[in-house]
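Open the model in your viewer and get ready to click along.

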Amino acid sequence: MRSAYSVETVRTAERELMARLPEGALMQRAAAGLAAACADLLGRVYGSRVVLLVGSGDNGGDALFAGARLARRGAGVTAVLLAPERAHAAGLAALRRAGGRAVGVGEAVGAGGVEELVERADLVVDGIVGIGGKGGLRPDAVPLAAAAERSRGAVVAVDLPSGVDVDTGEVRGAAVRADLTVTFGTHKPGLLIDPAREYAGSVRLVDIGLELPVEPELEALQHVDVARLLPVPRAESDKYRRGVVGIAAGSARYPGAAVLAVAGALRGGAGAVRYVGPAADAVIARFPETLVSDQGPKHAGRVQAWVVGPGAGDDAATVGEVLAAEVPVLIDADGLRLADAGVVRGRRAPTLMTPHAGEAAALLGVERGEVEGARLAAVRELAGRYGATVLLKGSTTLVADSGGGAVRVNPTGTSWLATAGSGDVLSGLAGSLLAAGLSAVDAGSAGAYVHGLAGRLAAEGAPVGAHDVAAAIPEAWRNVLG
C-alpha cells in the first residue's frame with residue numbers, strides 16, 4: 001500500500017523526529033537522498049552543469065546541501081537565489097565550500113541572464129517552495145519555471161513541484177513541471193492526484209525515518225493489496241455462493257451499454273449475471289451465459305448486488321426499483337441523473353456511485369472544470385452529500401467513503417481508457433465484486449485497479465475499444481494474482 005499524508009501530519013512527524021536527532025541531521029538525510037537521485041538521473045556527475053532554484057525555505061536548504069554533494073563529485077553547480085537574504089545559511093556555506101557558486105535572480109551572469117543559465121543546464125533542481133506553499137508561483141519565480149521547462153536537461157523537484165498544492169493536488173497558477181520529484185518520508189496527496197500529479201513526473205520516495213499515523217490521508221493499492229481482495233472460488237463454491245450480480249442497463253438507443261456492462265460483470269468474479277432491460281437480445285447474442293428477464297428488477301430472481309444506469313436513458317422507474325432493493329447497488333451514467341438523492345441517502349445497504357467529472361459536476365451543481373481542478377474535494381463532498389461510496393473516474397480515479405477515512409487513488413490506467421463504453425465495463429466489473437462480497441470501497445478500488453490494468457494490457461500504446469478492455473480483464477486478473 002502506498003500512503004500519502006497531509007502537510008500538518010508530516011510536519012508533526014518531522015518535529016518529533018528532529019527533537020531526537022542532532023541539529024541539521026534530518027536535512028542531511030533528505031539532501032543525501034536528493035543528491036543520490038540527481039546523480040542517478042545524470043549518469044555522469046563529473047563535468048555536468050547543475051542549476052539549483054533556491055527559495056527561502058527548507059526545500060532550498062535541501063537543494064543547497066544536495067548541490068554541495070554534487071559539486072564535490074565534480075559537477076559545476078550554480079544556485080539561483082530568489083531571496084538571497086533569506087537563503088538557508090548553512091546550506092549556502094556548504095555549497096560554496098564545495099566549489100559551487102550562488103547568484104541572485106537579477107545578477108548578470110551572461111547575455112541571457114539566469115534564464116539562459118537554467119536553459120543550458122544538464123540538471124535543474126527545483127527548491128523554490130516547500131510543502132507549505134499555497135497557490136501558484138510568485139511572479140519572480142515564473143520565468144525560472146518557464147526556463148526550466150525549456151531546459152534541455154532534466155528537472156528534479158524537491159519534495160513536490162513548486163506551485164502545486166500538496167494537500168489537494170490543485171494547481172492554481174504557474175508551477176514547475178518536473179521530470180522527477182524526490183519526496184521525503186512519505187508521499188503527499190498532491191503527488192498522486194491530478195492535475196498536480198502531471199507536474200510531478202516520476203516520484204522517488206526517500207525514507208528519512210518519519211513515524212506516521214496508521215491512517216493516511218490518501219492510499220493507493222498495489223498488486224499485493226488487490227490480490228488479497230479479489231474473490232477466488234473454493235472447492236465447495238457454486239455459482240450462487242460466488243454471488244449473482246444484476247445488471248439493469250441499456251435502452252433501445254443504447255443497447256451497447258448493456259452488453260459492455262454485462263461483459264465487465266461476467267469477468268468480475270461473481271458466479272452468475274442476471275440482465276434486466278430492453279437489450280436482452282443483444283446481450284444474449286453476445287453472452288449466452290447471461291440470465292435474462294423481462295419482468296423488471298423485482299422479479300428477476302435473487303441477486304447479491306445490482307448495477308443500474310449505463311445507457312438507461314430516462315428509465316427512472318427501473319432506477320427507483322433497484323434502489324429499493326436491500327442489496328448493494330452501483331449507480332452509473334444515466335442512473336446518477338435519475339436517482340433521487342434522498343432515496344440514496346436513506347438506503348441501508350451499501351451504495352457505490354461511479355461518476356466521471358461531468359456527471360459529478362452536474363450532481364454538485366458546479367462547472368466540470370471545478371471538479372477536474374479539485375478532484376479530492378469533489379469526491380469527498382459527493383460521498384458526504386449522498387451518504388454513499390463515490391468512485392470519481394478520470395485521469396486519477398478516486399474512491400471516497402461517506403464515513404470518511406483515507407481516500408483511495410487508483411495507480412493503474414492509461415489515457416487510452418478515455419473511450420466510449422469503458423465506464424460501462426468498469427461498472428459491471430465493480431458490481432460483480434460487490435456481489436462477490438466486497439465492501440463498496442474495496443469493490444470500487446479493486447475494480448478500478450483491474451480495469452486500469454486491463455486497459456494498459458489491451459492498448460499497449462495503441463487505440464483500444466471498450467470491448468477490448470473487457471476481454472483483457474482475465475489477463476489483468478492473472479497478472480495481479482501472480
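How do the residues of the lining of the second largest pocket divide into nonpolar, polar and charged? There are 15 nonpolar, 11 polar and 9 charged residues. Here Ala, Val, Leu, Ile, Met, Phe, Trp, Tyr, Cys and Pro count as nonpolar, Asp, Glu, Lys and Arg as charged, and the others, Gly among them, as polar.

Before moving on, a word about what you see. This is a predicted model, in which local features need pLDDT of at least 70 and side-chain atom pairs count only at pLDDT 80 or more, while totals for chains, interfaces and linings use all residues. Residues are numbered from 1 along each chain as its sequence is written, and side-chain values use heavy atoms, with hydrogens and water left out.

**Stop 1: the second largest pocket**

This pocket holds about 710 Å³ of space. Select Glu14, Gly57, Asp58, Asn59 and Asp62: of the 35 lining residues, these are the closest to the pocket's centre. Now colour α1 (7-18), α2 (25-42) and α3 (58-72), the elements that give two or more residues to this lining. A pocket is an open set of points on a 1 Å grid over the protein atoms alone, where a 1.4 Å probe fits, with protein on both sides within 12 Å along at least five of seven lines; lining residues have an atom within 4 Å of a point. Grid points are joined across faces, edges and corners, and a volume is the space filled by probe spheres set on the points.

**Stop 2: the sheet**

Next, show the open sheet of 7 strands, ordered β4-β3-β2-β5-β6-β7-β8 with parallel pairing. Its edge strands are β4 (101-104) and β8 (202-206), each pairing on one side only. Helices (H or I, at least four residues) and strands (E, at least two) are DSSP runs, numbered from the N terminus, and two strands pair if DSSP finds at least two bridges between them.

Zoom in on β5 (residues 123-127) and β6 (residues 154-158), which pair over 4 bridges. Val124 stands opposite Val155 in β6. Then bring back α2, which packs on the sheet and touches β2 (49-54), β5, β6, β7 (180-184) and β8. α3 packs on the sheet too, touching β2, β3 (76-81), β5, β6 and β7. Contact means heavy atoms within 4.5 Å.

**Stop 3: the largest pocket**

Finally, select Lys393, Leu417, Ala418, Ser422 and Gly423, which lie nearest the centre of the largest pocket. About 840 Å³ of space lies there. The largest share of its lining, 4 residues, comes from α17.

Key:
Axes are lines fitted to C-alpha atoms, for helices over the stretch in contact, and angles run from 0 to 180 degrees between N-to-C directions.
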